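This report describes one protein chain from its atoms.

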Amino acid sequence: MVPRLIDWSLALAVALAFASGLLSLVSGRPQGWWVFFIHGVAGLWLLPLTVWKLARAWRRLASPQAWEQRTLLGAAAAR
């Protein structure tokens, strides 16, 4: 998978999960089932995207001599 596609897909999935999570706070009726469905799909979508992202970044994380400041910030964000 193209690295830029993974990054943008992760951003979209997080934004969708966040928005649907906020919307679920006010949607407590049976007619709002779709909000919870979208929230669940976004959460499940995050799993393979995160695995692909970590697989791509593992080379830099596994060799500390190749670390940069951005690598440390990215590893801290993933934590």
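## Nonpolar core

A nonpolar core is a set of buried Ala, Val, Leu, Ile, Met, Phe, Trp, Tyr and Cys residues joined through side-chain atoms within 4.5 Å. Buried means under 20% relative accessible area, exposed means over 50%, and partly exposed lies in between, with a 1.4 Å probe and protein chains only. The model is predicted: local features need pLDDT of at least 70, side-chain atom pairs count only at pLDDT 80 or more, and totals for chains, interfaces and linings use all residues. Residues are numbered from 1 along each chain as its sequence is written, and side-chain values use heavy atoms, with hydrogens and water left out.

The largest nonpolar core has five residues: Ile6, Leu10, Ala13, Leu46 and Leu49. Two elements, α1 (3-24) and α2 (33-62), each give two or more residues to this core, and α1 supplies the largest share, three residues. Leu10 touches Leu46, Leu49, Thr50 and Lys53, when residues up to four places away in sequence are not counted; contact means heavy atoms within 4.5 Å.

## Overall form

The protein chain has three helices and zero strands, in the order α-α-α along the sequence. Its radius of gyration is 16 Å, well over the 12 Å that the globule rule gives for 79 residues, so the chain is more spread out than a compact globule. This radius is taken over C-alpha atoms, and the globule rule is 2.2 Å times the number of residues to the power 0.38. Helices (H or I, at least four residues) and strands (E, at least two) are DSSP runs, numbered from the N terminus.

Along the principal axes, the C-alpha atoms fill a box of roughly 55 × 25 × 15 Å. Of the 79 residues, 20% count as buried. Among contacts between residues at least 6 apart in sequence, 56% join residues at least 24 apart.

## Largest pocket

The largest pocket holds about 520 Å³ of space. Its lining has 17 residues, and Lys53, Ala57, Gly74, Ala75 and Ala78 lie nearest its centre. The elements that give two or more residues to the lining are α1, α2 and α3 (69-78), with α2 giving the most, seven residues. By class, the lining has eight nonpolar, three polar and six charged residues. Here Ala, Val, Leu, Ile, Met, Phe, Trp, Tyr, Cys and Pro count as nonpolar, Asp, Glu, Lys and Arg as charged, and the others, Gly among them, as polar.

On a 1 Å grid over the protein atoms alone, a pocket is an open set of points where a 1.4 Å probe fits, with protein on both sides within 12 Å along at least five of seven lines; lining residues have an atom within 4 Å of a point. Grid points are joined across faces, edges and corners, and the volume is the space filled by probe spheres set on the points.

## Selected residues

Ser9 is in helix α1 and counts as buried at 10% relative accessibility. Beyond residues up to four places away in sequence, Ser9 touches Trp45 and Leu49. Arg4 also lies in helix α1, but Arg4 is exposed, with a relative accessible area of 62%. The C-alpha atoms of Arg4 and Gly32, 28 residues apart along the chain, are separated by 33 Å.

Ser27 is in the loop between α1 and α2 and is buried, with a relative accessible area of 12%. Leaving aside neighbours within four places in sequence, Ser27 is in contact with Gly32, Val35 and Phe36.
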